[in-house]
Amino acid sequence: MPALSLVPHAARTALAVACALALMTGAQAHRLAQAENALPAPASDAASGVPPEPFENSSIDAPLFYQLLVGEMELRAGEVGTAYQVLLDAARKTRDPELFRRATEVALQARAGDQALAAAQAWRSAIPDSVEAMGYQVRLLIALNRQAETEEPIRAMLAATPVAERGALIASLPRLFARAPDKTQTATQLQTWLEPSLAAPETRAAARVAIGRAWLAAGDAKRAFELAQQAHALDRDAEGPALLALELLTAGQPVEPLIADYLEAQPKSSSFRLLYARVLNSAQRYADAVPQLEAVTRAEPQLPTPWLTLGALHLELRHPKEAQAALMQYVQRAGSGSLAPAPAPVVPGGDDDDDEAPPTADQGLVQAYLLLSQAAEQQRDYAGAEAWLKKVDSPQRALEVQTRRASLLARQGKVKDARELIRRAPEKTTEDARSKLLAEAQILRDVKQWNEANTVLAKANQRFPNDPDLLYEQSMMAEKLNRMDEMERLLRRVIELKPDHHHAYNALGYSLAERNQRLPEARDLIRKALDLAPGEPFITDSLGWVEYRLGNRSEALRLLQQAYRSRPDVEIAAHLGEVLWISGQRDEARKVLRDARTRDNANDVLKETLARLRVDL
């Protein structure tokens, strides 16, 4: 082993002992440490009457112990192949699952899939009923693109698992096949392999959920929904069917009744409600997410993060007083030091990310202060908004604080001071420079200085060429300036650079619909946007509007009502109110338009709609 000469003998020995110790039980390690240090075992404490801790006699004899040392030393020296062979030989001699696992993982670390599979198969040969060994075998077969060979270990896993634990195993099967290339083959195979489990009372619901999840991964949402319905009918209290329904929520399936029925059966399931709120948020269905969070705060008011999330959603819905009340609940808990562990907050408009860590107390307070500042700003309490901003002490959020201060100045007519404040903000990174340009343009946009905003964005696009977001923002300014050809050119460039930019498809389609031009093309563009962002309320609104322009009033009304239920935005309300008015449902139209005016009576789309229809509210 010439490579080992690079490490001094004493250091190699100490390192190998440490590695070997990790493979033993605590009692075995203790005895070995005593032997290495020539220390006697501790005697019993006669005064306390405490007997000595019983030792577990190790099954490792001297030759095997030194074999393990050699294996670990070879591994540390980079001789992975030799280490693998030595450890696997030791595992076979001892039938020790820890050693089989170690040999398998050594091969995996070396990206030697065939050797890892050989170790897992040897593990199964030595310990035939090891479910863990079977699981390793299945994952490795899939990784090696040998999916057809997984039937035997899957069936063996099911047979070896106790009936009481089999449901959990079945639920985990789709994850085992997550990286399998042929999703349809996986779903078909699972349906065949789990056929006995579909009839057994203990597993029939879990089996349907697992097969449904596999079909969803294969792109068959309808079949997945049917299986979720069957599973829920078999066990109304089971969470699995409801979780599958959450996955189907954005796939165009009518899962809401199933979810509602599960919540009726399990009204205290706060963890599920938080997941539900997260999915609704990702679809921008903020109005629907709010009741779920309110239920959580009633059931478990000590959880801090739901209060923070609830405040953020109320703010997005332009409910500043409700937002302020929820955020103050969070601040009181953070200020008292009583913050308890909680799930990550749902950020309005953000992506669903189950791995996102919850905020620390300091991070949560900073976020709450910024949101409270916005709530005060929405109520035109500019002094209060500034007072909350002064509480923010976070270098990472400095640019955001400056932007908020600039927005406050602009709303008070101090646009020049607002722009100067943003320009003076430090630029530590290129992204800071880009963010400053976007912030300056947004301030100018908010005060309707379209020409100035367009100039800023044009300069930004010169500095950061081919940036889809900057080009998109400039296209919106071109529309405000009635430069429709320029807007279309910019949006098509965005689509060329980023083919999944659903906002660009939607903006172009809506612009055509608004001008009553090329309506079939407008509908195709908006449908493409909705394919990329299923259920997104503003895109659903656009589709409803183009259907109205095409003369399809009933379909327009259905889509606009759907969009408004998800997101009671003022402009969606204006579109819905107009279609209701033209359809003869004038009392309902007045109600929708009146509610919109209470939220934002300065909105241009709403004012134009009321004037054109001559609606008297």
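Colleague: Over the ring of which residue does the charged end of Arg139 sit?

Modeller: This is a predicted model, in which local features need pLDDT of at least 70 and side-chain atom pairs count only at pLDDT 80 or more, while totals for chains, interfaces and linings use all residues. Residues are numbered from 1 along each chain as its sequence is written, and side-chain values use heavy atoms, with hydrogens and water left out. A charge sits over a ring if NZ of Lys or CZ of Arg is within 6 Å of the ring centre and within 35 degrees of the ring normal. The charged end of Arg139 lies 5.2 Å from the centre of a ring, and that ring belongs to Tyr136.

Colleague: Over the face of which residue does Arg223 lie?

Modeller: Arg223 is placed 3.9 Å from a ring centre. The ring in question is that of Trp215.

Colleague: How many helices does the chain have?

Modeller: Helices (H or I, at least four residues) and strands (E, at least two) are DSSP runs, numbered from the N terminus. The chain has zero strands. Its number of helices is 34.

Colleague: What percentage of the residues of the chain count as buried?

Modeller: Buried means under 20% relative accessible area, exposed means over 50%, and partly exposed lies in between (1.4 Å probe, protein chains only). The chain has 617 residues, and the share that count as buried is 47%.

Colleague: Which kind of aromatic pair do Tyr262 and Phe272 form?

Modeller: Tyr262 belongs to helix H15 and Phe272 to helix H16 (residues 270-282), so the pair links parts of the chain 10 residues apart. Both Tyr262 and Phe272 are buried. Their rings are 4.9 Å apart, centre to centre, with 65° between the planes, and the pair is edge-to-face.

Colleague: Why is the pair of Tyr369 and Trp388 stacked?

Modeller: Tyr369 is in helix H20 (residues 361-378) and Trp388 in helix H21 (residues 382-390), 19 residues apart. Tyr369 counts as buried because its relative accessibility is 14%, and Trp388 counts as buried because its value is 16%. The ring centres are 5.8 Å apart, and the pair is stacked because the planes are at 25°.

Colleague: Which helix supplies the largest share of the lining of the second largest pocket?

Modeller: On a 1 Å grid over the protein atoms alone, a pocket is an open set of points with protein on both sides within 12 Å along at least five of seven lines, and lining residues have an atom within 4 Å of a point. The second largest pocket has a volume of about 600 Å³, a volume being the space filled by probe spheres set on the points. Helices H15 (256-265), H29 (519-532), H30 (537-549) and H31 (553-566) each supply at least two lining residues. The largest share, six residues, comes from H31.

Colleague: Which residues that line this pocket are the closest to its centre?

Modeller: The lining of the second largest pocket consists of 25 residues. The closest to the centre are Leu249, Gly252, Pro534, Gly535 and Gln562.

Colleague: Which residues does Asp569 touch, not counting residues up to four places away in sequence?

Modeller: Asp569 is in the loop between H31 and helix H32 (570-582), and it is partly exposed because its relative accessible area is 22%. Its C-alpha atom is 8.8 Å from that of Phe538, 31 residues away along the chain. With contact meaning heavy atoms within 4.5 Å, Asp569 touches Phe538, Tyr564 and Arg599.

Colleague: Is Met477 buried or exposed?

Modeller: Met477 is found in helix H26 (residues 468-480). Among the residues that Met477 touches are Arg445 and Trp450. Because its relative accessibility is 1%, Met477 counts as buried.

Colleague: What is the phi of Arg518?

Modeller: Most residues other than glycine have a negative phi. Arg518 lies in the loop between helix H28 (502-514) and H29. Although Arg518 is not a glycine, its phi is positive, at about 45°.

Definitions and conventions. On a 1 Å grid over the protein atoms alone, a cavity is a set of points where a 1.4 Å probe fits but cannot get out, and a pocket is an open set with protein on both sides within 12 Å along at least five of seven lines; lining residues have an atom within 4 Å of a point. Rings of Phe, Tyr and Trp (its six-membered ring) pair if their centres lie within 6.5 Å; planes under 30 degrees apart count as stacked, over 60 as edge-to-face and the rest as tilted.
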